[in-house]
Amino acid sequence: MKKVIVLLFATILAFQLAGCADKEQNSDTVKVVYWEKWSGFEADAMQAVIDLFNSRKFTNKDGKLIHVEMSTVSEIDRRLLTAVAGGNPPDVAGVWTWLVTAYAEKGALLPIDDHLREAAITEDRYIPVFWEICKYKGKMWGLPSTPASVALHWNKRLFREAGLDPNVPPSSIQEFDEMAEKLTLIKLPGQDKAVSFYELKGKPDHEDLLGQGTIIQMGFLPSEPGWWPWSWGYWFGGELWNGKEKVTADDPGNVKAYEWVKSYSDKYGVDNIKKFSSSFGTFASPQNAFLSSKVAMVREGVWMYNFIDKYATGMDWDAAPFPSDGGKLKDVTYAEADILVIPIGARHPDEAFKFISFVNTQEAMELLCEGQRKFTPLKNVSEDFYARHKNPHIRVFRALAESPNAFTTPKMVIWQEYLREMSFAYEMIRDLKAEPEEVLSDVRKTMQKRLERELEMSKRAEERR
Amino acid sequence: MTKEEKRELIKGILFTSPWLLGFSIFVIYPVAASFYYSFCYYSVIQPPRFIGLLNYKDLLTDPIFWKSLWNTFYFVIFMIPLGFVTSLSLAMLLNTKVRGMAFYRMVFFVPSLVPMVAGSILWMWIFNGEYGLLNNFLIKMGIPNPPNWLVDVNFAKPAIIIMCLWGLGQTIVIYLAGLQDVPVALIEAAELDGANWFDKLWNITIPMISPVIYFNVIMAIIGSFQIFSQAYIMTGGGPQRSTTFYALYLYQTAFEDLRMGYASAMAWILFVIILLLTMAVQRISKESVYYHGG
């Protein structure tokens, strides 16, 4: 009896182990597993690059063929976390900008400096901001795949209707605000023709009139679509931290920026704006406020063209740098990139790097970025790249990324918390529940405490090492 | 223990071993581990480092922790009595003898079959300030400016409570089963004595179903303190953190901030709160729950 049971368990165990065993041992191919966070046409573009890589039949140092296989993974940050913690990560993962800092700090990524040296891949091949994005504490943790920058997008038809020159973007925030007023239309009860806020504001009882009327179009809304609510300070000369140990959420530039955010609520009324915004559909739909011509100007990324193309075909639009306070800072933009990283515990790190470096060749990168309709992070661009590119304003985004005023996600370990804290502050300011200075100072205090705690933990860990 | 008994014991353990193994691996170990992690700095990726009571100390001065605790208590305080009254009265209505009762019972049970995500997205539409069904109805009822539910700080929590009341099907079914067990003889005797509707409810029905009420209240306390999905899907914790419930904040610290130790400490505090409340309910129940035949 006993023997039978033992035998049974042993058999089950043996089968299990056999199932887990590495089937590659005997084959002459090394399978590189790649996790991609995009789906749809963006994933197709990456698949095309992978197909190109596989067709070239690269081999590793043992002469084995390298074969890359991609799987699309949703919520990649969480999946990658469990995969790394469980010791079974992919060989390559395409991750968000912020994730590099968080994961590098926790020792979840493989630094690739040695690989870079060996492959002679150097900084001077890249637009500075994208090389910088991959760096943390002096080491390189990955290489970019597709980059992005954000710009002002405007609806030229609405500009014409408001009597503005559709080809001249605003050169400062102040000019921008005035244009927004001219582009904001209010329908007053009993009147057929809508009146612009610019005309209305001259009347002494304009606040009452605004309350009685209905906003039918707006020039701009800081909350539409409201992405990166933490970032407005950068257009006003503010910064979120000093890069080391000091949180600067309430520096004068940031306070000024959020005073500006507040001015929109003051001007147009929180309730009026909320009522108007509740008619917007989701971002990726024809009812998107910008795509349905309800909001004339938005701050959006290079991908916005894809949505225009899909949901508002034929829309007459243009893109330019989003203006800064007084026009003092030129070409301010938020730049980010998808980053290819090798997680700790990857089974084939060398082969993984081979693939990453292939993606970073001019040929593959242009194939990828054209497919995803972005610009390339590499300094060298072939002439016909722009000629072939579908986005008519792609050069604007590229130029913005090259600007010295391009900023990226702060490389803070506590970034996710800081981000939530800033979003909360933003909501409070937008809804006129708090004064910018006061709430930003609270954010600074809370985040300073958190940063100090993390720095202390990081120091303790290093001491132990 | 004789040889025979010993062999029986071993056999018994062997037969229950799949469950014992599962219980140890999936329940005892995680619970014990989370208790240990609550005293650690633990980012999931790196091994945990013991830091004593630091997580608990930090929690005491964490304003979001207190805010989330307040939000959760608010939810519990309204949800439990409202849930009790709604589900019991619906169960009583569904216990009357009317034609087509099976259909009505189904109507009230169906919402609890709708997956949480689908239900939440549906309610986002119902609560929509401009096109929502609810506000359209309110306007027709003569309320000119109904609230913009999910984006209004004062109405986001009530909106989630309303949505939760919609999904009470299972509680209703349990009450219904309890109500059907109330002896008809007692009700008839009371009627002969001239008892009115309220007398019968207060003196017969409620005491007779008190074990069911006790069970449902305990389940409601446990469930309400864990409110998560609706807020995660519908509001993401906003506006202005008014729907950042305890479990949502716990999730954010654990999986967005990678502070598993801190989140474990939060989980243990929640456990103690629920434990204390359940014990309090149990104490009250000693005097007020009637088990007939038991």
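I started with a search of the whole structure for disulfides, and over all chains it came back with zero. Next I looked at A:Cys134, which is in no disulfide: the nearest cysteine sulfur belongs to A:Cys369 and is 13 Å away. A pair needs its sulfur atoms within 2.5 Å to count. A reminder to myself: this is a predicted model, so every value here is computed.

**Helix α18 of chain A**

Helix α18 of chain A covers residues 415-430, which is 16 residues, and at 1.5 Å a residue it should span 22 Å. The C-alpha atoms at its ends are 22 Å apart, so the two agree. Then I asked how many of the residues of α18(A) are buried. I got 13 of 16, so to speak a mostly covered helix. After α18(A) comes A:Leu432, and its phi is positive, near 55°.

Some background I jotted down: most residues other than glycine have a negative phi, and most peptide bonds are trans. With that in mind I collected the exceptions.

- A:Ala120 is not a glycine, yet its phi is positive, about 55°. I found A:Ala120 in the chain A loop between α5 (113-119) and α6 (128-133). With a relative accessibility of 53%, A:Ala120 counts as exposed.
- B:Gln240 is another residue other than glycine with a positive phi, near 50°. B:Gln240 sits in the chain B loop between α12 (229-234) and α13 (246-256). Its relative accessibility is 6%, so B:Gln240 counts as buried.
- Which peptide bond is cis, with omega near -5°? I traced that bond to the step from A:Glu224 to A:Pro225. A:Pro225 lies in the loop of chain A that runs between β9 (214-217) and α11 (252-268).

**A nonpolar patch on chain B**

Last, I looked at the surface. A nonpolar patch there has about 1,200 Å² of accessible area together, and its members include B:Met1, B:Leu9, B:Trp19, B:Leu21, B:Phe26 and B:Val31. I looked up where B:Leu21 is found, and the place is helix α1 (residues 3-37) of chain B.

Methods: Residues are numbered from 1 along each chain as its sequence is written. Chains are lettered from A and ligands numbered from 1 in the order in which they are written. This is a predicted model: local features need pLDDT of at least 70, side-chain atom pairs count only at pLDDT 80 or more; totals for chains, interfaces and linings use all residues. Side-chain values use heavy atoms; hydrogens and water are left out. Patches are made of residues with over 30% relative accessible area and no salt bridge: like charges are joined within 9 Å, nonpolar side chains (Val, Leu, Ile, Met, Phe, Trp, Tyr) within 5 Å. Accessible areas come from the Shrake-Rupley method with a 1.4 Å probe; for residues, only the protein chains shown count as cover. A salt bridge is a side-chain nitrogen of Lys or Arg within 4 Å of a carboxyl oxygen of Asp or Glu. Helices (H or I, at least four residues) and strands (E, at least two) are DSSP runs, numbered from the N terminus. The expected span of a helix is 1.5 Å times one less than its number of residues. Buried means under 20% relative accessible area, exposed over 50%, partly exposed in between (1.4 Å probe, protein chains only).
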